[in-house]
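Colleague: I would like to learn how to read a protein model step by step. Could you take me through one, giving the general idea before each case?

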Amino acid sequence: MRQTNNGELHTFLQLLNSCTKIVIPKIQRDYAQGRKDPIGSNLCEEVRNNFIDSIKNALTTDTSLVLDYIYGSMDDANFFYPIDGQQRLTTLFLLHWYVAKKKKKISEINSE
């Protein structure tokens, strides 16, 4: 494994363009967004609402939204292995996919 771009800010698309594949290690927990709150709590819903508000604000004011860091390593085949940030990577992928779908920049894959 090699260390690259130590501490530099990059966009999600820059990360995708710099690697061949993103490999989620088995040690990473499952994606947590969308889970239900424990009884008597509204923390998950509050976090989601604040996140959506932050995205909306960034889009309407044309400002950057920093989602903290994604830490990992890249091997010689340019496979990126996130150690921390898998939740952020998944969220960014889903947001990019949703917007591209709404803007008709991607099409359905037909399976036969």
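**Reading the model, feature by feature**

Modeller: Let us start with a single residue, and keep in mind that this is a predicted model. Valine 99 lies in helix H3, which covers residues 86–102.

Colleague: Is valine 99 buried, exposed or partly exposed?

Modeller: The general idea is that a residue counts as buried under 20% relative accessible area and as exposed over 50%, with partly exposed in between. Valine 99 has a relative accessible area of 46%, and therefore it is partly exposed. Val99 also belongs to a nonpolar surface patch of about 580 Å², which it makes with Phe93, Leu94, Trp97, Tyr98 and Ile106.

Colleague: How much of the protein chain is buried?

Modeller: Of the 112 residues in the protein chain, buried residues make up 16%. Aspartate 75 is buried, because its relative accessible area is 16%, and this residue is placed in the loop between strand E2 (71–74) and strand E3 (79–84).

Colleague: What does the side chain of aspartate 75 reach?

Modeller: Here the general idea is that a polar contact is a pair of N or O atoms within 3.5 Å. The side chain of aspartate 75 reaches the backbone nitrogen of phenylalanine 79 at 2.9 Å, and it also makes a polar contact, at 3.2 Å, with the side chain of tyrosine 81.

Colleague: How many helices and strands are there in the protein chain, and in which order do the elements run from the N terminus?

Modeller: The protein chain has 3 helices and 3 strands, and from the N terminus on its elements run α-β-α-β-β-α.

Colleague: How do I read the sheet that the strands form?

Modeller: In general, the strands of a sheet pair through backbone hydrogen bonds, either parallel or antiparallel. In this case 3 strands form an open sheet in the order E1-E3-E2, with mixed pairing. Strand E1 (21–22) and E2 stand at the edges with a single partner strand each, so one side of each is left without a neighbour in the sheet. E1 and E3 pair in the parallel sense over 2 bridges, and the bridge partner of isoleucine 22 in E3 is phenylalanine 80.

Colleague: What span should helix H2 have?

Modeller: Helix H2 (residues 43–61) has 19 residues, which at 1.5 Å a residue should span 27 Å; its end C-alpha atoms are 27 Å apart, so the two values agree. After H2 comes aspartate 62, whose phi is positive, near 55 degrees.

Conventions. Residues numbered from 1 in each chain as written. Predicted model: local features only at pLDDT ≥ 70, side-chain atom pairs only at ≥ 80, totals over all residues. Heavy atoms only, no water. Patch = residues over 30% accessible without salt bridge, like charges linked within 9 Å, V, L, I, M, F, W, Y side chains within 5 Å. Areas by Shrake-Rupley, 256 points an atom, 1.4 Å probe, with all protein chains shown as cover. Salt bridge = Lys/Arg side-chain N within 4 Å of Asp/Glu carboxyl O. Helix = DSSP H or I, 4+ residues; strand = E, 2+ residues; numbered from the N terminus. Buried < 20%, exposed > 50% of the residue type's maximum accessible area, 1.4 Å probe, protein only. Polar contact = N/O pair within 3.5 Å; in protein donor to acceptor, adjacent residues only side chain to side chain. Pairing = 2+ DSSP bridges. Expected span 1.5 Å × (residues − 1).
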